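Me: I am new to this structure and would like to go through it step by step. Please show it first.

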Amino acid sequence: MDLELPLWFEIGSLVVLTLILLADLLLILKRPHIPSTRESTLWVVFYVTLALIFAGLMWVFAGGEYAGQFIAGWLTEYSLSIDNLFVFVLIMSQFSVPRRYQQEVLMVGIIIALVLRGAFILVGAAIIENFSPIFYLFGAFLVYTAIRQAFPGGDHDDDAKREGFVVRQLRRMIDISDEYDGSKIRTVVGGKKMWTPMIIVFVAIGVTDLLFAIDSIPAIFGITQSAFIVFTANIFALMGLRQLYFLLGDLLDRLRYLHYGIAFILAFIGVKLVFHAMHVNELPFINGGEHIEWAPEISTMASLVVIVAAMAVATIASLLASARDRRTAATATAAASRVADEKGTPPTV
């Protein structure tokens, strides 16, 4: 059954979300600053509440099944977006972006991500509509991505290096100054107009968003085939990303098992896509081109439970391990202090 929503609801939703994003961007441009923990928390709560209200409206206008698809898709994209933050931290550090202007960089990155993902969604929806075997490819790709996520060759530093090539090419093509000029992307040095390093940061963020879109769009199409749900889930996942960046801060380093949770989600959705491809199979060399009836169809509710459980287990395990390490370090420091007191020497050399 195809999703049927009132046209005014779809248009109205996109208009309201666009206005919120524009207001958020104008607020940053007018008052660039480092948000406090309280401010970041309130914004994250606002966007999460907004997503839940939207899910409630989906329930009213389309039913519980599609509301569940939106929630599952939103949580999947949100978890993948948190993984983006690790790379964003590396990029900000690599290019020494002043913390005062990091909000603006993140907001531009979010806009780039929405444009790129919108294009991916339109292409993906068209392919799915006309070529159902694509689910086999999507499923296999997600399982491969899950393995790569669980057993990375060089963790998130590799993602930062990938856009290094693009940045080097950019430096060769245009003149870029050595210093930032506030949040400007153009400046004047010695009477000559030049680009500031901010343009490199924007390009690096854009390339990163493109790489993550390649992973995330097939994942959410494994939950729902509605382009409207896919796009709105992406919007809501990205809307609170800027504030989440400042809210989590150093906590990102403590989420050591997050990539395992994300890998499990991607593998689960990949298997679900393969099962769905088998269920609607049309390939002549598989089961004679007939549907494989025994292939299970995993429900939206089951997907939602798996996604929530995977992220909860990964987060709790990470925080427990981090707390254990802090206790161990504190114990070692206390022991060193006792020995130093007994021998009358400094605890450290």
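Me: How many helices and how many strands does the chain have?

Reply: This is a predicted model, in which local features need pLDDT of at least 70 and side-chain atom pairs count only at pLDDT 80 or more, while totals for chains, interfaces and linings use all residues. Residues are numbered from 1 along each chain as its sequence is written, and side-chain values use heavy atoms, with hydrogens and water left out. Helices (H or I, at least four residues) and strands (E, at least two) are DSSP runs, numbered from the N terminus. From that terminus the elements follow the order α-α-α-α-α-α-β-β-α-α-α-α-α-α. The chain has 12 helices and two strands.

Me: What percentage of the residues in the chain is buried?

Reply: Buried means under 20% relative accessible area, exposed means over 50%, and partly exposed lies in between, with a 1.4 Å probe and protein chains only. The chain has 349 residues, and the buried part of them is 47%.

Me: Among contacts in the chain with a separation of 6 or more, what percentage joins residues 24 or more positions apart?

Reply: A contact means heavy atoms within 4.5 Å. Among contacts with a separation of 6 or more, the share from residues 24 or more positions apart is 78%.

Me: How many of the 13 residues of α8 are buried, and which helices do they pack against?

Reply: Helix α8 is mostly covered, with 11 of its 13 residues buried. Among them are Phe228, Ile229, Asn234 and Met239. The buried residues of α8 pack against α1 (7-30), α2 (37-62), α3 (64-94), α4 (102-130), α7 (197-221) and α9 (241-248).

Me: Which residues does Ser13 touch, not counting residues up to four places away in sequence?

Reply: Ser13 is part of helix α1, whose buried residues also include Phe9 and Leu17. Cover for the buried residues of α1 comes from elements including α2, α4, α8 and α9. Ser13 has 11% relative accessibility and therefore counts as buried. Leaving out residues up to four places away in sequence, Ser13 touches Phe54 and Phe228.

Me: What is the C-alpha separation of Val45 and Leu244?

Reply: Val45 belongs to helix α2. The relative accessible area of Val45 is 46%, so this residue is partly exposed. Val45 and Leu244 are 199 residues apart along the chain, and their C-alpha atoms are separated by 10.0 Å.

Me: How do α4 and α7 cross, and which kinds of residues form their contact?

Reply: Axes are lines fitted to C-alpha atoms, for helices over the stretch in contact, and angles run from 0 to 180 degrees between N-to-C directions. The axes of α4 and α7 come within 8 Å and cross at roughly 35°. Their crossing is right-handed, the near helix being turned clockwise from the far one by less than a right angle. The residues of this contact are 19 nonpolar (Ala, Val, Leu, Ile, Met, Phe, Trp, Tyr, Cys and Pro), two charged (Asp, Glu, Lys and Arg) and four polar (the others, Gly among them).

Me: Which residue in β2 is the bridge partner of Val189?

Reply: Two strands pair if DSSP finds at least two bridges between them. Strands β1 (residues 186-189) and β2 (residues 192-195) pair in the antiparallel sense over four bridges. Arg186 stands opposite Trp195 in β2. The bridge partner of Val189 in β2 is Lys192.
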